Amino acid sequence: MKAISKLKGMKPPLRNVADPSPLVNEFANFCHQWDLHRAMRAMDAMERHGVFADAITYSELIKCCSARGAVQEGKRVHEHIFCKGYEPKMFVVNTLLNMYVKFNLLEEAEDLFDEMPERNVVSWTTMISAYSNKLNDKALKCLILMFREGVRPNMFTYSSVLRACDGLPNLRQLHCGIIKTGLESDVFVRSALIDVYSKWSDLDNALGVFDEMPTRDLVVWNSIIGGFAQNSDGNEALNLFKRMKRAGFLADQATLTSVLRACTGLALLELGRQVHVHILKFDQDLILNNALIDMYCKCGSLEDANSAFSRMVEKDVISWSTMVAGLAQNGYSRQALELFESMKESGSRPNYITVLGVLFACSHAGLVEKGWYYFRSMKKLFGVDPGREHYGCLIDLLGRAGRLDEAVKLMHEMECEPDSVTWRTLLGACRVHRNVDLAIYAAKKIIELEPEDAGTYILLSNIYANTQRWEDVAEVRKIMTNRGIRKTPGCSWIEVDKQIHVFILGDTSHPKIEEIVRRLNDLIERVMRVGYVPDTNFVLQDLEGEQKEDSLRYHSEKLAIMFGLMNLSREKTVRIRKNLRICGDCHVFAKVVSRMEHQTIVIRDPIRYHHFQDGVCSCGDYW
């Protein structure tokens, strides 16, 4: 549409503005009533008579087209307001421009924008906003051109262009520009700055922008709390939430969603339950309910998760997927697959995440054929292309089943290159099935991709030690020393009386550590009398005999279990979160203790959740 340039310079007819005729009045009434069909008919009649309405009326008609998704009618209005020499006011053209952006017709929007004889801040901001969704480079170039034309950006311009930042250097440049234009104190701009700094994990600058604000509203509080929660800094997110409440602000859905995410990351079940009380007044909020289910699943409370899920009036694919994955990760694979069948019966279409949860369930239940079936048919059945995570689940499934040749073959068939996570999955299977050559190959691949991964070096060293390859053991240790690589210490934490207690192997800072160690030693002696034998395969191979047992004795999860037994009644579940995968020795220990002490123990590691009860783990010893 080149209407403006072609018609520039033509004289409009004498009756080009608000004609008092009944035809124009009738058209105006239809437009203001959003009676689109009659308005379009009246507009055609006006065009035949060469009369035009006022700018506000046309603006209402264009807004009506936008709201109704009436693309063809909108284009017809465009033709009309540029016919017979009529020159619409700039704000009408801006409304038309906004309509094309809403319809995602960027080419039409660009044509119209390029032909505008004058463009104001609204025109430029509309285009920048359109580009900010996907065309980040164009958005930033548009801002530069805007400056060159002498148009001063406003708060909406900067709020839009900040979303287009593709890295911290651009963001910092824009931040400087915002300060120069004097908009740094605007609430919208500061909120956008906080969001984007958080997106790029620069939480120091995000908090700096927040703390500099003289006044804050709920939107800004939500931005900073959400930023820390999304970046896995749950402690600071919760501290900010407390500050917000002290400042007199009431939490809304967005606040509570972020607080739930913080509770989820820290596995703070009791605090999550307190947040649940506040959620009751937003009972039918789908996003909040989904976050609530996720929190309960990831805190290992399947009863609460099932209860919240069953009460939901409305469920979407996220609700179903969260519950399917939650059941699978907590060791209830068959229930996860049953729920998946219910999901399909409900008419909800599985997505990428749903299928991932299903494959995870198959992997951790040893259902090889079922896993193969879903993997091979996911595209045909659900329209989902297999991604790296789906391949990883199936490789894990095959590896656990000892079908290492098939796992390697599948890795070679992947459309994308296997990453360190995929190789680590294969390495774990090799260790279990004692395939030394393949384990060494997988470990070296991981080190190529992640040269600083201490766990792989240590596992490789142990593999060499188990096969008496002492020169290779020495070489691995030498590389670790030269590169300054040290094993990440095991860390476990437990919530008791609304306080988090952290335990690290070798750390004696806990005020009750002496009593914990003494009582843990007594407990170990008792469980050894009923058959528990420390499995020294899970410690460094350069330790000998009793040293190995001592290294196992004070693993962080054992300290946390003991502290839980000391402070919780038998009716309470001992819930522990740890930073490293639970070792086989601690897994056996937790099973025996759960039976001897008649106490349920739940341990969440980075891979999955283990529910120990009456000497049995929910994973079925298949993890």
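Q: What does it mean that phenylalanine 503 and phenylalanine 563 are called buried?
A: Both residues fall in the buried class, defined as under 20% relative accessible area, with exposed over 50% and partly exposed in between (1.4 Å probe, protein chains only). This is a predicted model, in which local features need pLDDT of at least 70 and side-chain atom pairs count only at pLDDT 80 or more, while totals for chains, interfaces and linings use all residues. Residues are numbered from 1 along each chain as its sequence is written, and side-chain values use heavy atoms, without hydrogens and water.

Q: How many aromatic pairs does a search of the whole structure find?
A: The search finds 15.

Q: Why is the pair of phenylalanine 113 and tryptophan 124 called edge-to-face?
A: The ring centres lie 5.0 Å apart and the planes stand at 85 degrees. Rings of Phe, Tyr and Trp (its six-membered ring) pair if their centres lie within 6.5 Å; planes under 30 degrees apart are stacked, over 60 edge-to-face and the rest tilted. The pair is therefore edge-to-face.

Q: What makes the pair of phenylalanine 503 and phenylalanine 563 tilted?
A: With centres 5.6 Å apart, the planes meet at 50 degrees, so the pair is tilted. Phenylalanine 503 lies in strand 2 (residues 499–504) and phenylalanine 563 in helix 32 (residues 556–567), so parts 60 residues apart in sequence are tied together.

Q: How do you know that helix 2 is roughly antiparallel to helix 3?
A: The axes of helix 2 (residues 22–32) and helix 3 (residues 36–49) come within 9 Å and cross at roughly 155 degrees. Angles under 35 degrees count as roughly parallel, over 145 as roughly antiparallel, 65 to 115 as roughly perpendicular and the rest as oblique; helix 2 is therefore roughly antiparallel to helix 3.

Terms used
Axes fitted to C-alpha atoms, helices over the stretch in contact; angles between N-to-C directions. Helix = DSSP H or I, 4+ residues; strand = E, 2+ residues; numbered from the N terminus.
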